[in-house]
Amino acid sequence: TPSKKRAAVQAKYRNPDNYGDTWSGRGRKPLWAVAFLESGGSLEDCLI
């Protein structure tokens, strides 16, 4: 069966300290998201 190429998932979260860092919300949390959560932040604060 031929593999179908999936469309890129749009980013859902953005690093508040560096807007170049984004995350779709799928897969492992990026290091900036883990650090932000550990410092008392919420993922809702990072929503685009």
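Two notes on the ground rules. Residues are numbered from 1 along each chain as its sequence is written, and side-chain values use heavy atoms, with hydrogens and water left out. Because the model is predicted, local features need pLDDT of at least 70 and side-chain atom pairs count only at pLDDT 80 or more, while totals for chains, interfaces and linings use all residues.

I'll begin with the whole chain. The protein has 1 helix and 2 strands, and the order along the sequence is β-β-α. Helices here are DSSP runs of H or I with at least four residues, strands are runs of E with at least two, and both are numbered from the N terminus. The C-alpha trace spans about 45 × 15 × 15 Å along its principal axes.

Of the 48 residues, 19% count as buried. Buried means under 20% relative accessible area, exposed means over 50%, and partly exposed is in between, with a 1.4 Å probe and protein chains only. Among contacts with a separation of 6 or more, 27% come from residues 24 or more positions apart; a contact is heavy atoms within 4.5 Å.

From the record, an unreviewed UniProt entry annotates residues 3-48 as "domain: DNA-binding protein H-NS-like C-terminal". UniProt positions are given in the numbering used here, feature names are shortened, and such annotations may be inferred rather than shown by experiment. Over residues 3-48 the chain is 17% helix and 9% strand, and the end C-alpha atoms of that stretch are 31 Å apart.

Next, the helix. Which residues of α1 are buried? In α1, residues 31-38, they are Trp32, Ala33 and Phe36. They sit on the same side of α1 because they cover an arc of only 100° around the axis, the arc being that of the directions from the helix axis to the C-beta atoms. As a reminder, an α-helix has 3.6 residues a turn, so residues three or four places apart point the same way. Leu31 and Glu38, on the other side of α1, are exposed. What do the buried residues of α1 pack against? They pack against β1 and β2. After the helix comes Gly40, with a positive phi near 100°.

Now the loop between the strands. Asn15 is found between β1 (13-14) and β2 (22-23), and it counts as buried because its relative accessibility is 8%. Leaving aside neighbours within four places in sequence, Asn15 is in contact with Asp21 and with Trp32, and Trp32 is one of the buried residues of α1.

Asp17 lies in that loop between β1 and β2 too. Is Asp17 buried or exposed? Asp17 counts as exposed, because its relative accessibility is 72%. The C-alpha atoms of Asp17 and Ala33 are separated by 11 Å, and the two residues are 16 apart along the chain.

Last, the loop between β2 and α1, where Lys29 lies. Lys29 counts as partly exposed because its relative accessibility is 40%. Not counting residues up to four places away in sequence, Lys29 touches Trp23, Val34, Leu37 and Leu43.

That is the tour; questions are welcome.
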